[in-house]
Amino acid sequence: MKQIYSNKHLVCAGVLFFTMNTEIQAQTGTEEQPLSVTQGLSKTDGSSKTYWVTGYIVGEYDSYSNSKHFYEVAPPFNGTYAYLIADSKDEIDVNKCMTLQLSKSSFGDVDLSTHPEHWKKKVTVCGLLREYNSRPGVKSINNHYFEESTLTDTETMLWNTYETFDTKGYVAASSSSVFAGGTYTGETGVWKIKGGTWGETGEDNKWEKASIRLRFTEGSSGEKGSLELLSDKGNGLGEVRFWAGNYRADAAKSLAVGLYYSTDQGKNWHEINSNIAVKRGNNVTTNGMSEYRFVVNKPGSVRVKFVKADNTTGGINIDNVRLSDYQTATGISTIKEDQKIAYGTHEGIHILSAQAGPIEIYTISGQLIRRLPNANRGQLISLPSGIYLIRNSKKTERVIVG
């Protein structure tokens with residue numbers, strides 16, 4: 001009789017027992033071989049058949065309104081009880097994500113607002129492949145498990161500088177020109193606007209209530225517009241995420257924005273990307289905005305600045321800026337030495353245990369595929385995508401590669 005696992009394995013008299021299946025199949029939507037998100041996106045058909053799907057929790061979905069998807073893929077989260085999952089833990093394109101319909105009765109208290117430690121964690125669920133919030137998703141979930149993560153909520157606490165530009169705190173420097181500039185006191189910092197304005201009109205592309213529209217200091221002439229964080233951001237700079245789009249009346253123009261950072265209170269600026277093309281047409285949100293992500297990883301006190309990069313008179317809307325703290329090169333902030341044996345990525349299995357082997361790796365069907373007499377912390381075992389069981393002298397863990 002086939003054993004269905006639910007984040008468990010059987011141990012009897014010190015021997016680990018598996019249900020045997022000598023042939024490993026391609027991903028078919030079973031628990032042993034769950035669908036990837038990419039496969040799930042193409043398989044959503046509204047039928048009554050249930051499938052297992054696995055992916056990383058990249059954020060949360062909020063709602064669909066006026067042909068626009070509202071969602072967050074970086075903290076802070078609102079707690080909507082609708083996960084976005086993707087094949088890559090750093091995915092920001094909603095078109096490459098599936099939505100999960102969560103319920104407290106089956107999942108418990110797992111929303112990202114109260115439990116941000118689930119962000120970027122891998123989850124495997126079983127349910128119906130149905131449209132959910134106008135996106136392909138998984139509904140009526142009847143079984144699930146979270147893959148243990150090497151990250152704690154310390155990861156999400158790194159994202160403590162953010163701005164939505166939705167509070168009208170903009171103070172113009174001159175009443176003679178709306179683009180003369182001024183300051184904006186936001187949620188976590190003060191921003192200097194030069195050659196720009198607070199964009200709240202129907203022509204401004206914005207995430208919710210408003211955005212910052214950059215042009216020139218004299219509207220159609222003068223210096224190029226910029227948006228600069230006036231206060232030092234302590235704890236360095238890890239990632240920059242933001243949304244940008246054309247001012248609607250300028251949709252036909254080819255626009256671009258530059259992104260820079262400073263470690264000396266704005267005296268000198270260093271390029272992150274000097275010419276980011278603002279996407280037009282069929283973007284991730286149909287109202288004309290797209291999200292951009294850049295990894296910087298600079299320690300110390302840092303400021304950032306956005307500058308209009310093109311020479312046209314077109315306006316650029318900037319919104320929903322997220323800045324994380326400096327992180328290690330791996331992005332792993334905290335690893336508890338004795339908590340896990342290993343973790344999986346698309347490369348394979350990474351050994352975490354500080355104590356040398358022996359370590360054994362099995363397929364989910366129980367076939368021994370690797371025995372390491374002296375495995376060491378940091379070692380990478382390259383393996384194809386799939387679910388594996390890894391054990392040492394103390395315990396056995398499930399690891400997902402892919």
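Predicted model: local features only at pLDDT ≥ 70, side-chain atom pairs only at ≥ 80, totals over all residues.
Local features need pLDDT of at least 70, and side-chain atom pairs count only at pLDDT 80 or more, while totals for chains, interfaces and linings use all residues. Residues are numbered from 1 along each chain as its sequence is written, and side-chain values use heavy atoms, leaving out hydrogens and water.

View 1. One cavity of 30 Å³ or more turns up; a cavity is a set of points on a 1 Å grid over the protein atoms alone where a 1.4 Å probe fits but cannot get out. The largest cavity holds about 40 Å³, a volume being the space filled by probe spheres set on the points. Its lining (residues with an atom within 4 Å of a point) is made of Tyr71, Glu72, Val73, Ala74, Trp243, Glu291, Asn320 and Arg322. Strands (DSSP runs of E, at least two residues) β4 (68–72) and β21 (316–323) each give two or more residues to that lining.

View 2. Look for Gly40 in helix α1 (residues 37–43); helices are DSSP runs of H or I, at least four residues. Not counting residues up to four places away in sequence, Gly40 is in contact (heavy atoms within 4.5 Å) with Leu35, Met98 and Leu129.

View 3. The protein averages a pLDDT (the predictor's confidence in each residue, from 0 to 100) of 79. Confidence is lowest in strand β1 (residues 10–12), with a mean of 31, and highest in strand β20 (residues 303–308), at 97.

Conventions. 1 Å grid on protein atoms, 1.4 Å probe; cavity = no way out; pocket = protein on both sides within 12 Å on 5 of 7 lines; lining within 4 Å.
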